[in-house]
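Open the model in your viewer and keep the selection panel at hand. Two stops follow, then a view of the whole chain.

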Amino acid sequence: MSSLRSLRHCLALGAILLYAGISTARWARRAVHWPAHVGVDEVSLYERRFDQLRRALPPTGVVGYVGYPDPLAPPSDSVPSPALLHFRRYLLAQYTLAPLLLVEDTTRALVVGNFAPGAEPAPPGGFESAGEFGDGLMLFRRRRP
């Protein structure tokens, strides 16, 4: 009976060691390939994308914001609905340009246009282009009467 108990203890210890070895091997494989799996977060991408625009805007105050959902991105499990994508872009732009406040309207003298890359939208009514910053990022200025 005691030899059966010893065998069970040895098998249990072996199973624990095998599990630990496999876990360590998985961790080591991920650690070796870690830089390839690390992506850049959206906030960092927006900070880089908005860098030149930030220099063209006042440091504080309120400016308008326009954009539209990407019509080429249908909703799926990995891609949110166009309205949610639009809202996420607005929040990322708001965070990136803080303490400047973005309001989603065209009643301000300056309006940031955050569109899908490659889009060439016309300025909102009563506005003219004040600069293009690439990747669908634009600045509009209200026309003087």
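Select Glu104 and His86: their side chains make a polar contact at 2.4 Å. (A polar contact is an N or O pair within 3.5 Å, one able to donate a hydrogen and the other to accept it; residues adjacent in sequence count only if both atoms are side-chain atoms.) This is a predicted model: local features need pLDDT of at least 70 and side-chain atom pairs 80 or more, while totals for chains, interfaces and linings use all residues. Numbering starts from 1 along each chain as its sequence is written, and side-chain values use heavy atoms, without hydrogens and water.

Stay on Glu104. It sits in the loop between β2 (101-103) and β3 (110-114). (Helices are DSSP runs of H or I, at least four residues; strands are runs of E, at least two; both are numbered from the N terminus.) Glu104 counts as partly exposed because its relative accessibility is 44%, between the limits for buried (under 20%) and exposed (over 50%), with a 1.4 Å probe and protein chains only.

Next, select Arg49, in helix α3 (residues 42-49). Arg49 is buried but has no salt bridge (a Lys or Arg side-chain nitrogen within 4 Å of an Asp or Glu carboxyl oxygen). Asp135, the nearest side chain of opposite charge, is 4.6 Å away. Now show the backbone: the Arg49 side chain reaches the backbone oxygen of Asp135 at 2.6 Å.

Finally, zoom out. The protein chain has five helices and five strands, in the order α-α-α-α-β-α-β-β-β-β. Of its 145 residues, 28% are buried.

Conventions. Lys and Arg count as positive and Asp and Glu as negative; His and the chain ends are not counted.
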